[in-house]
Amino acid sequence: MIKERAPSGSIAIGGLAAGLAIGAVALFWNLTKSSLYIDEAFSLHIASYPLPAMMQLIVHNDAHPPLFYVLSHYLIMLVHVPAERYRLFTAPCGLITIIATWAIARRLFGDVGAAVAALLTAIAPGLLDADRVYRMYAPLAMLTAL
């Protein structure tokens, strides 16, 4: 009996779906259960100041660009949640990174390469560590991939 080939793109779509499912579990499982890391507390503390004072603090106490702090400043003003829950705003960047990596790999390496890239991105320890904290690293990885 002759086997039918899988429809074009089904391997890539399946790999993307699996990567997103694994990535979502890895990113969001107990995301808000642990207390803040010192870097997260620093980001939220700096972002809680009025803009002029915040800029002075960034200039004198930090080497990172101020955009994340400015966005965090307005987020803190709009959304009042416990500090650990601010992670919920940067964690989805990890899922977008998986999608963008998948798209790049599909164009460069085809369907199988895209599936592998999505799965590897979903379980990459460095990306998971960065995506599970409220810092500028998850949005940076996402924007770089996009």
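This is a predicted model: local features need pLDDT of at least 70, side-chain atom pairs count only at pLDDT 80 or more; totals for chains, interfaces and linings use all residues.
The largest cavity holds about 50 Å³ of space. Its lining is formed by Leu 27, Gly 94, Ile 98, Thr 121, Ala 122, Leu 127, Leu 128 and Asp 131.

Two elements each give two or more residues to the lining of the largest cavity, namely helix 6 and helix 7 (125-131). Helix 6 makes the greatest contribution, with four residues. Sorted by class, the lining of the largest cavity comprises five nonpolar, two polar and one charged residues.

## The largest pocket

The elements that supply two or more residues to the lining of the largest pocket are helix 4 (67-78), helix 5 (87-90) and helix 8 (137-145).

Which classes of residue make up the lining of the largest pocket? There are 14 nonpolar and three polar residues, and no charged residues. By comparison, one charged residue is counted in the lining of the largest cavity.

## Packing of helix 1 and helix 6

Two packed helices are described by the angle between their axes and by the distance between those axes. For helix 1 (residues 10-28) and helix 6 (residues 92-123), the angle is about 155° and the axes lie 8 Å apart. Helix 1 is therefore roughly antiparallel to helix 6, because an angle over 145 degrees counts as roughly antiparallel.

The crossing of helix 1 past helix 6 is right-handed. The contact between helix 1 and helix 6 consists, by class, of 23 nonpolar, four polar and two charged residues.

## The chain as a whole

The protein chain has eight helices and zero strands. Followed along the sequence, its pattern is α-α-α-α-α-α-α-α. How does the spread of the protein chain relate to that of a compact globule? The radius of gyration of the protein chain is 19 Å, whereas the globule rule gives 15 Å for 146 residues. The value for the protein chain is well over that of the rule, so the chain is more spread out than a compact globule.

The extent of the chain can also be described along its principal axes. Along these axes, the C-alpha trace of the protein chain spans about 75 × 30 × 25 Å.

Key: Residues are numbered from 1 along each chain as its sequence is written. Side-chain values use heavy atoms; hydrogens and water are left out. Axes are lines fitted to C-alpha atoms, for helices over the stretch in contact, and angles run from 0 to 180 degrees between N-to-C directions. Angles under 35 degrees count as roughly parallel, over 145 as roughly antiparallel, 65 to 115 as roughly perpendicular and the rest as oblique. A crossing is left-handed if the near helix is turned anticlockwise from the far one by less than a right angle, and right-handed if clockwise. Ala, Val, Leu, Ile, Met, Phe, Trp, Tyr, Cys and Pro count as nonpolar, Asp, Glu, Lys and Arg as charged, and the others, Gly among them, as polar. The radius of gyration is taken over C-alpha atoms; the globule rule is 2.2 Å times the number of residues to the power 0.38. On a 1 Å grid over the protein atoms alone, a cavity is a set of points where a 1.4 Å probe fits but cannot get out, and a pocket is an open set with protein on both sides within 12 Å along at least five of seven lines; lining residues have an atom within 4 Å of a point. Grid points are joined across faces, edges and corners, and a volume is the space filled by probe spheres set on the points.
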